[in-house]
Amino acid sequence: MPLPPLVEPAAELTVDEIRRYSRHLIIPDVGVTGQKRLKNARVLCVGAGGLGSPALMYLAAAGVGTLGIIDFDTVDESNLQRQIIHGVSDIGRSKAESAAASIREINPLVNVEIHNTALDRENVREIFAQYDLIVDGTDNFATRYMVNDAAVLLGKPYVWGSIYRFDGQASVFWAEHGPCYRCLYPEPPPPGMVPSCAEGGVLGVLCASIGSIQVNEAIKLLAGVGEPLVGRLMVYDALEMEYRKIKVRKDPNCVLCGENPTVTDLLEDYEDFCGAVSEEAQEATLDSTITALELKEWQDAGKDIFLVDVREPAEYEIVRIPGSTLIPKGEILSGEALAKLPQDRQVVLHCKSGVRSAEALAALKAAGFRDAVHVQGGVLSWIKQIDPSLPAY
């Protein structure tokens, strides 16, 4: 449904602004008034990564008057495949600072506000209160739920996007006019069920596809044109080149925006709410965790171990710990791989960072492999502590 413009128009456009935004001005649905609204708008982008990169670039090009960037990370070489707002010369630089510099190159008429910090329970209200609209470019469930909860509690609309491999999703959540994120996803998925982009990968150009949809929705909300994706979920399959829209209804029993909400403040710990690993995995790792250095010592001493890499085949092709055997986590959790594991040797599991191997360890413990252990930090720790010549990803 059409919604009223989110912001009032600015007093005027300068001659430079009229020249720069002329292609907007001649669109009847935007026009001078719509462009004045964009000029007067304050938009915060949470994250300057895969989704934040195209979103920030097109918001700047569109003439959004004030752009806020919140990101505490630094630019890594592995980011450049998709995070196009950064370049080779930015490696090691603050992502927020790097993104701000690119924005100023794209459009010096835009005011950029940098929040070079991690978004958390203590600062999210204060930061969000400064903006008219939030664009969510986060890649983890804990921050997504916190963004949603803060936006609902402050009465702010936000544009959400999600990407994984070849699939993307986008929607607009605005509790005043429709559902919130909790109406769509009342509970986070079980720990380890949904791999992150760092674990499962993402097609670089998919970020542009979903990020541009987010900017499109932001412009519609700010200028009050068209029908925003409130109450609708856009699902994109890049392999099939197919877009689908799914209706999302406001849940009257939603714990946050429903008729009788039970969540009336931000949660104390969103990481705990989402759970990086399951309780079973946490219990399994107690006294059953070794470091990469200990693994190397065991190998050098000739200890009779069976080293299992629980990552996916594509990851195994990139880099591997010497002596490891690939058995993906899914085969262990399903029980399919149990017959492949020796009963007379100590099983040592590892993954990329330690999360998946912890989940696999819990399954092995339950199946009777009492002395099985996993490697803290996974292959990344091996690269950092043992062999820096190996490629990290």
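**Exercise 1. A salt bridge with a loop residue**

At 35% relative accessibility, aspartate 73 counts as partly exposed (buried means under 20% relative accessible area, exposed over 50%, partly exposed in between, with a 1.4 Å probe and protein chains only). The model is predicted: local features need pLDDT of at least 70, side-chain atom pairs count only at pLDDT 80 or more, and totals for chains, interfaces and linings use all residues. Residues are numbered from 1 along each chain as its sequence is written, and side-chain values use heavy atoms, with hydrogens and water left out.

Task: Determine with which residue aspartate 73 forms a salt bridge.

Step 1. A salt bridge is a side-chain nitrogen of Lys or Arg within 4 Å of a carboxyl oxygen of Asp or Glu.
Step 2. The partner is lysine 95, and the closest N and O atoms are 3.5 Å apart.
Step 3. Lysine 95 lies in helix 5 (residues 95-106), whereas aspartate 73 is in the loop between strand 2 (66-70) and helix 5, so the pair ties together parts 22 residues apart in sequence. Helices (H or I, at least four residues) and strands (E, at least two) are DSSP runs, numbered from the N terminus.
Step 4. With a relative accessible area of 5%, lysine 95 is buried.

**Exercise 2. Two further pairs**

Task: Locate the salt bridges of aspartate 16 and arginine 42 in the secondary structure.

Step 1. Aspartate 16 meets arginine 19 at 2.4 Å, N to O. Both belong to helix 1 (residues 15-20), three residues apart, about one turn of the helix.
Step 2. Aspartate 16 is partly exposed at 45% relative accessibility, while arginine 19 is exposed at 57%.
Step 3. Arginine 42 meets glutamate 113 at 2.8 Å, N to O. This pair links distant parts of the chain, with arginine 42 in strand 1 (residues 42-46) and glutamate 113 in strand 3 (residues 111-115), 71 residues apart.
Step 4. The whole structure holds 15 salt bridges.

**Exercise 3. A helix pair**

Task: Describe how helix 3 and helix 10 are arranged.

Step 1. Two packed helices are described by the angle between their axes and the distance between the axes.
Step 2. The axes of helix 3 (residues 31-40) and helix 10 (residues 204-223) come within 9 Å and cross at roughly 105°. Axes are lines fitted to C-alpha atoms, for helices over the stretch in contact, and angles run from 0 to 180 degrees between N-to-C directions.
Step 3. The two helices, helix 3 and helix 10, are therefore roughly perpendicular (65 to 115 degrees).
Step 4. Gly34, Arg37 and Leu38 of helix 3 meet Ile219, Leu222 and Ala223 of helix 10, where contact means heavy atoms within 4.5 Å.

Note on methods: Angles under 35 degrees count as roughly parallel, over 145 as roughly antiparallel, 65 to 115 as roughly perpendicular and the rest as oblique.
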